[in-house]
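Please look over the model below.

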Amino acid sequence: MRLDATDLRYVTADEFRVLTAVEIGSKNHEVVPSPLIAELSGIRGGNVRKALGDLSKRDLVARVQNVHYDGYRLTYGGLDYLSLRTFSRRKPASVHSVGNKIGVGKESDIYIVADETGEKRCLKLHRLGRISFRAIKSKRDYLGKRRSASWMYMSRLSAQKEFAFMKALYQHGFPVPVPIDQARHCVVMSLIDGYPLRSVDVVDDPADLYSKLMELIVRLAHSGLIHGDFNEFNIMLLRKTGEPIVIDFPQMVSTRHENAEYFFNRDVNCIRRFFKRRFRYEGATWPTWKDVLEGEDEVEQNGSADAAETEEGEEGQADTTEEQAESSKTAEKRVRIDLEVEASGFGRIMQRELEDYMIEVQDMPASDGEEEEQESDEDEDDDEEEEEEKAEAESSKTSAPEEPFSEEAFQKQMAARMEALRLSRALGNDDPEDLDPELQAQLSDHSLTDPSSDSDSDADSDDSVGPAPTDFTSYMPSQRNTRRFHPRLTVKKLGEKDGVKDTVAKEREVMERRAKPRDVGAKLGKAKGHKWKSSEKFMVGKDSGW
Ligand code: ADP
Ligand code: MG
């Protein structure tokens, strides 16, 4: 996946509006119908088609046109662009320029980036869609409609989790990169000046490093955490001091996890095996799960807040000896980072969702060639249409002078418009004659989003309107059902229908009058604040969910 920073400068205001509309439309649509893009962006038809054409030439959106759909979907390129734009507009910008790619994992791309002062940083783009979602379809019946996997949603979840854990670990003094920012599927962190352990052939004192790493595993566990992928790929050694730094956190689990012991032992054994193989060093001792449980008991005996969460041991009643008092002191100091992260917004359900996905894909081959799934029957070049677009774009050029553009206001307005449209239909208490039935149906019948998921929304954020969990693969049957009950409901038909522009214009007018977008946006923004948003300590990402 190419990340072309030079491209960023050449996205016009119209193109950006349209791209944002595609992203917001993705909240409820796997493939966003063109009329909806026009409606959300508030740009006239010809210009929308031109912008969509230009965006798709640069792979920021992809046209999907077949018997079931006609519309556009966001690509990883488009999502990268939106995220970089968000980073570059923070004050101060968390990413100002993009440099070389320094790593590519199974499910991530790593770039060197820099801030305005030229200080280098590390940008990690989570790319969970590399593993074909189609391949896992048959296996994931347990995922309900709402909790299903889409590449955008899962990648975002993964980035959110990584940032949440990195931040908590950093705050508690663990040797991890400095968390700087997070938006959508991206995390910005400090660049570690060092080497992955994997590429280190000789260390001065293998025994010392071995014990440091084992201590780290135990310290993590005593804070309620197991890294889950603690190996030579995810440990870096600082160039200057040789001190280890741990990276890569999307698979972290709590010590309360049902398979905690297994994950813990796996981490320990990874290190033992690697040291034996690479440095011919075999540690005489290594930490066991029992060591961790002893720590847990201490916490329980202390009657700390966390103890209520775990099973109470009988020995809790035992007489307090001096030794116990001493260990109690240590335990009192212990933090439970797993609980902290849960409380900070990355809750158990989100963790479970991501974990389910990871379990499903761990043995799957990455889809080859293009990382994203392409519809086989995409129709890229429609010359006739292009001509028409050009003509229309030309004709509207004179009549539409460019206004100064505010990204935040626009996102809010669009999200509010989308929300108003959805609500008006969900509530069913609006004057039905105000809404064109076909447009109404189109706006919501494709929806796969459970309205209850809206509690996660944070419209205050400048990029909080990313796609919700939609299900690419199970979309087809639902689409067929839709067609059965609304036989005329295809984008093409709607587009061809006379007077559709009037309908859309009328629809917009009604919605704008009714929804008072600014109020709606503000309310949504306040509905769920984010703990990190107000943190002075970090330049923290503003977005925290849909
Ligand atoms: P993945 O989840 O794909 O394994 P990682 O977070 O492990 O991604 O990063 C992949 C590689 O990128 C690492 O092995 C390391 O070489 C490099 N890398 C990741 N984060 C940093 C960082 N903060 N500084 C320097 N290099 C990094
Ligand atoms: Mg890794």
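## The largest pocket

The largest pocket has a volume of about 1,400 Å³. A pocket here is an open set of points on a 1 Å grid over the protein atoms alone, where a 1.4 Å probe fits, with protein on both sides within 12 Å along at least five of seven lines; lining residues have an atom within 4 Å of a point. The volume is the space filled by probe spheres set on the points, which are joined across faces, edges and corners.

This is a predicted model: local features need pLDDT of at least 70 and side-chain atom pairs pLDDT 80 or more, while totals for chains, interfaces and linings use all residues. Residues are numbered from 1 along each chain as its sequence is written, and side-chain values use heavy atoms, without hydrogens and water.

The lining counts 45 residues; K124, D229, N234, D248 and Q251 lie nearest the pocket centre. It divides into 22 nonpolar, 12 polar and 11 charged residues. Elements that each supply at least two lining residues include β4, β5, β6, α7 and α13. Helices (H or I, at least four residues) and strands (E, at least two) are DSSP runs, numbered from the N terminus.

## Cores

The largest nonpolar core has 54 residues. Such a core is a set of buried Ala, Val, Leu, Ile, Met, Phe, Trp, Tyr and Cys residues joined through side-chain atoms within 4.5 Å. Helix α7 (residues 151-171) gives the largest share, 10 residues. A second, separate core of 30 residues includes V11, V22, V32 and V61.

I271 is among the residues with the most contacts inside the largest core. Beyond four places in sequence, I271 touches Y210, L213, M214, I217, F230, N231 and I235. Contact means heavy atoms within 4.5 Å.

S94 sits in the loop between α5 (76-89) and β4. S94 counts as buried because its relative accessibility is 1%; the cut-off is under 20% (1.4 Å probe, protein chains only). Leaving aside neighbours within four places, S94 contacts F87, D115, R121, I180, D181 and V188.

## Strand pairing

Two strands pair if DSSP finds at least two bridges between them.

| Strands | Sense | Bridges |
|---|---|---|
| β4 and β5 | antiparallel | 6 bridges |
| β2 and β3 | antiparallel | 5 bridges |

A hairpin joins β4 to β5 through 2 residues. V98 has V113 in β5 as its bridge partner.

Three strands form an open antiparallel sheet in the order β1-β3-β2. Its edge strands are β1 (32-33) and β2 (61-65). A62 stands opposite R73 in β3.

Conventions: Chains lettered and ligands numbered in written order. Buried < 20%, exposed > 50% of the residue type's maximum accessible area, 1.4 Å probe, protein only. Nonpolar A, V, L, I, M, F, W, Y, C, P; charged D, E, K, R; others polar.
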